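Me: I've got this model open and I'd like a close look at one part of it: the salt bridges. Could you walk me through who pairs with whom, and how hidden the partners are?

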Amino acid sequence: FFHDMLIIVLFVSRIAVASLYCGMSPRNPEQKIIKRVIALEGDIIKTIGYKKKYVKVPHGHIWVEGDHHGHSFDSNAFGPVSLGLLHARATHILWPPHRWQKLQPVLPPERKPLHREQE
């Protein structure tokens, strides 16, 4: 999404796994990030290169990842993200015109949480 212009919905009441969210980077509050939600609070996720192989997402946090594994600065680098850092949900790509599309909530099967707490 480096050169894409997106439609974002300010703010949402319920966070959905596989959707794309916009917010502040936990490492640099001046930097905005757009990442896909992989796991919600209470979920257990197998990480990709994080300091722990498995993480239970703490209360008030989510696990986010970029769509380009290995080339993304995401929870695998900085850990679970506080819900307070989220601002909006990305819904569509507007620019460039050849990329106009609705952003789909897609989660690769290998990135699904290993355990999901019941709501």
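Reply: One cut-off first: a residue is buried when its relative accessible area is under 20%, exposed when it is over 50%, and partly exposed in between. Keep in mind that this is a predicted model.

Side chains of opposite charge can pair when their charged atoms come close. Here you'll find two salt bridges.

Start with E65 and R111, whose closest N and O atoms sit 2.6 Å apart. This pair ties together distant parts of the chain, with E65 in strand β6 and R111 in the segment after β9 (101-102), 46 residues apart. R111 has a relative accessibility of 5%, so it counts as buried. E65 comes out at 1%, so it is buried as well.

Now for D67 and R36: their closest N and O atoms are 2.8 Å apart. Again distant parts of the chain are linked, since D67 lies in the loop between β6 and α1 (75-78) while R36 is in strand β3, 31 residues apart. R36 is buried at 8%, but D67, at 39%, is partly exposed.

Key
Residues are numbered from 1 along each chain as its sequence is written. This is a predicted model: local features need pLDDT of at least 70, side-chain atom pairs count only at pLDDT 80 or more; totals for chains, interfaces and linings use all residues. Side-chain values use heavy atoms; hydrogens and water are left out. A salt bridge is a side-chain nitrogen of Lys or Arg within 4 Å of a carboxyl oxygen of Asp or Glu. Helices (H or I, at least four residues) and strands (E, at least two) are DSSP runs, numbered from the N terminus. Buried means under 20% relative accessible area, exposed over 50%, partly exposed in between (1.4 Å probe, protein chains only).
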